[in-house]
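Morning, everyone. I have one model to show, and I'll keep it short. Here it is.

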Amino acid sequence: MSIHRQVIIHESKDALVSAVASRFIRTVARIQAEKPLVNVVLTGGTVGIGILAGVNASPDRDSIDWERIALWWGDERWVPRGHADRNEQQALDALLSHVAIPEQNIHTMPSSDEGIELDAAAAQYAATLRENAEAGAELPHFDVTFLGMGPDGHIASLFPHRGELAEASSPVIAIRDSPKPPPERISLALDTINSSERVWLALAGTDKASPLGLALAGVSPNLVPAAGVEGRRRTVFFVDDDASADVPRDLIAAEY
Ligand SMILES: O=C1O[C@H](COP(=O)(O)O)[C@@H](O)[C@H](O)[C@H]1O
């Protein structure tokens with residue numbers, strides 16, 4: 001297991017959301033001092049969207065230069081644009097419609113009402129990634145990737161015991177028969193997620209304790225997809241007290 005893996009435990013979900021929101025603002029501002037554009041991959045899920053609302057509510061929100069951030073999605077639900085289930089719509093409501101991000105920097109995944117089929121939509125997003133990569137690369141240089149984790153250990157729309165986890169032929173995958181509704185989704189592949197400099201998983205609640213413990217103990221990603229997550233520079237699990245029951249004590253970097 002990577003020595004760059006850490007767990008930070010917060011006393012409550014609210015404390016977790018607010019601490020990660022502050023850390024995100026500081027991290028993006030710091031990276032922006034070093035390079036012109038920061039690439040961030042967003043997640044859906046209760047905590048992920050809560051963090052975006054926390055960024056919006058922060059008095060430090062505008063320490064980020066919003067014109068120099070590019071946003072991507074780790075996964076999307078295959079429903080029409082504007083549908084309340086879309087991770088994009090939730091992110092817009094929580095933060096993106098409140099800050100001045102240039103529209104061309106918001107790289108949403110295609111939606112089910114665009115007249116294309118699911119596989120074509122996944123291929124289209126892969127092409128968008130390629131178009132925004134540096135010369136010779138297939139992917140943009142992701143600086144921060146947010147992930148949530150479901151109670152079954154899924155991350156993005158990569159679910160346990162499924163072939164998509166080992167899919168390496170494309171950076172973006174069409175998902176059918178998802179065990180969590182809606183059944184059709186688009187997801188970044190595990191290798192694409194792991195190309196990010198920093199991967200930040202944020203999760204809360206007692207139903208996440210067991211899969212989190214298994215992921216950190218190094219079980220197969222086939223059993224718990226979160227076990228396969230590893231950012232290039234750092235992988236941090238931000239968790240609340242309820243989710244921390246089975247965390248190996250030697251991985252805990254900070255507790256409240
Ligand atoms: O469906 C999804 O679920 C996961 C986890 O969601 P949570 O509400 O249990 O935190 C999320 O990470 C993923 O992006 C989303 O599409």
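I'll take the annotation, then the ligand shell, then a pair of helices.

Ground rules. This is a predicted model, so to speak of local features we need pLDDT of at least 70, side-chain atom pairs count only at pLDDT 80 or more, and totals for chains, interfaces and linings use all residues. Residues are numbered from 1 along each chain as its sequence is written.

Now the ligand. Which residues come nearest? Gly44, Gly45, Thr46, Gly148 and Gly150, out of 15 around it. "Around" takes a C-beta atom, placed from the backbone, within 6 Å. Helix 2, residues 46-57, gives the most to this shell, with three residues. The shell has ten polar, three nonpolar and two charged residues. Here Ala, Val, Leu, Ile, Met, Phe, Trp, Tyr, Cys and Pro are nonpolar, Asp, Glu, Lys and Arg charged, and the others, Gly among them, polar.

Last, helix 2 again, with helix 1, residues 13-32. Their axes come within 8 Å and cross at roughly 60 degrees. Axes are lines fitted to C-alpha atoms over the stretch in contact, and angles run from 0 to 180 degrees between N-to-C directions. In helix 1, Leu16, Val20 and Phe24 are among the contact residues. Helix 2 brings Val47, Gly50, Ile51, Gly54 and Val55. Contact means C-beta atoms, placed from the backbone, within 7 Å. By class, that contact has nine nonpolar, three polar and one charged residues.

Key:
Helices (H or I, at least four residues) and strands (E, at least two) are DSSP runs, numbered from the N terminus. Two residues are in contact if their C-beta atoms, placed from the backbone, lie within 7 Å.
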